[in-house]
Amino acid sequence: MTRLRKDPRLERARLQVPGTLRLRYDRRGAAAPVRPRADPRAEKLSQIVATAPRLRLDRGQRTAPLSSASQPMPLEAEAPRVVTVENPDFWVLVLADPGDGRLSAVDRQLLGAARILAGKAGGVIFAGEGPPADAGSAGADRLIALPQTPHPEDRAMLALAIADAILPRHILTAETADGGDLARRLAVARRQALFPNVEQISGRGVVRSIPGRGLDQSGDAAPIMTIVPDMILPHGADVREARPMDSGSLPPSAREAELVPPQPGSLPLGEAGFVVSAGNGVRDFDLFRQVAALLGATPGASRVVCDAGFMPRAAQVGASGTVLAADCYFALGIAGAPQHLQGIAGCEHVVAVNTDLHAAMIERAGLAIVADAQPVMAALKRLLEAEQQA
Amino acid sequence: MKAVILLSGGRSAATGNPAPPQAELSAIRLAVGLGAELIGLHAGPAAEAAKPALGHGLGVIRHIPMSGNADISTAIVAEITRIAPAIVLAGNRATGDGETGLLPYLLARALGWPILADAAHVSRDDDGEFTVEQALPRGLRRRLRQKGPLVVTVHPSAPAAMPYAFGQARRGRVDTVPAPSTQPDAAEEPALRPHRPRARIMRGAVSGGSAADRLKAATESASGGGDLMMDPDPEEAARAILAHLRRIGALPD
């Protein structure tokens, strides 16, 4: 909208003289309303995208006409209002899975579920490693920093100590290997009811499915619950305080556990966490495979490459190939056809190298590099080999 | 050394035939790998649901007859104490009843034994210490050592069940254990209704807030909002890529 539209009825109502028997309008002093005049020079100034190497204008968006006298006020992003809670009626405790100290997607969903349970009267405590800095925007009122505990029994002892100190009304974990184990240990140790695999949560109750019998079970929110990943929305309504909370003395972790990372080639493509893909822009496939091995990623390919026979069909990423569940996707020389993008719909981070600035993959990517894939692959290989030797 | 495999009575979701879940059959294979004497244990109205396990490497099943809605944990604890195994293996989720996966934990508490969940592999040292490899998502494995006796639940990603052999299934036997005198009723099950498949959430969607907030959250993440490097030096591009991958955690530091 470039020109402000007059509402004639509003204008007429302004001129009306009140309190008379018949409608009377005072049209004496009103100056003619000034129609804001378009300032072509200011408009062109606001459309400049680049001046070097040549002047480039984005005429696609007609900005509101600016008068040359006034400068446009810089729009400050309004600081979001932080909601604080001092003494809630009850607490909901969220126990996060061990990770790298950042808030994962499942942690956000846990906080979303906890906020629904807390409603207006309750508060949410997030207990996890880290603790993460953005837990407040995800809906946590308080934060408890947990030390790294590799052994599941030690984690259960830690969680029991925290739960005894806080006495929450509900405890939430994710239905993952670690979270599900923790929830069941807590339920059995404290003899509390467990409602696992929550798929739907609301103020009225929770719903889970029993797949072996083809049934759904609904019930009230239990003291200990686990949520199925990717079924409950994260919290987005407001920003919470996430004040660090003292949990008292926590039992030290004594037992050791050894984490064995998977062999990079052993995981099937549909389960791999980091995938490197080659497209039409890649010519040297030996180099591509070496780079994939050095990065510790699973190699994938687009349809063009698989049709030409350079990579096996099992490596095809896309709607008719494999739909990825990876966190990170590195695309080399892939333009990004819609079917291919369907295959990476679930990938959170995408890095793309392509010679075409306007390719769909460049738009999708979090880090996009407009360059030829071949020298970039060679440089990656050099850098990684140098690092490995050092 | 004796190993007890807990068998649940459930039906296959696809065919409706009695079939124990794959995790329990993988547990049989793991127990065979340990070189133990295998004893299957099933508590319920009929042993028919557990009989297919006889063809997958199990020689004998002990059946505790109990009514359909009875609480089975005390009876199973009693039977396990009678058998005195070194390890009790179970699938991580049973089929047929509540499917909460809580029973192995209840047994572990009642027996006073440690429990390790989601095993993909179990091995045993000469001095009786078990090494359990837990299956974590994305192919990670966690190795834990524990002295027996212990309870281990088996993850579906453990090695597949031994192939079904009809002759073995016929030779296998089902021993009926005397039913316990008192059968306490299990807690009443809350409301059940037919299953309605629910959709997964969209990436980037959030709940709460105004429509404008939700649209902003959904579209912001879809567009990537990322950095662009135009025609950089290959070396510089490679450094930027590696730094970015390290920052998001795809490459270990």
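Modeller: Happy to! A:Asp178 counts as buried because its relative accessibility is 13%, where buried means under 20% relative accessible area with a 1.4 Å probe, protein chains only. This is a predicted model, so local features need pLDDT of at least 70 and side-chain atom pairs pLDDT 80 or more, while totals for chains, interfaces and linings use all residues. Residues are numbered from 1 along each chain as its sequence is written, chains are lettered from A in the order in which they are written, and side-chain values use heavy atoms, without hydrogens and water.

A:Asp178 sits in helix 5 (residues 177–189) of chain A; helices here are DSSP runs (H or I) of at least four residues, and strands (E) of at least two, numbered from the N terminus. Leaving out residues up to four places away in sequence, A:Asp178 touches A:Asp97, A:Pro98, A:Arg155, B:Leu136 and B:Arg142, contact meaning heavy atoms within 4.5 Å.

Now to the whole interface: 86 residues of chain A and 75 residues of chain B take part in the contact. The rule finds 9 salt bridges across it, each a side-chain nitrogen of Lys or Arg within 4 Å of a carboxyl oxygen of Asp or Glu. A:Glu387 forms a salt bridge with B:Arg246, with the closest N and O atoms 2.8 Å apart. On the side of chain B that touches chain A, the elements giving two or more residues include helix 3 (103–111) and helix 6 (234–248) of chain B. Helix 6 of chain B gives the most, with 13 residues.

Conventions: Buried means under 20% relative accessible area, exposed over 50%, partly exposed in between (1.4 Å probe, protein chains only).
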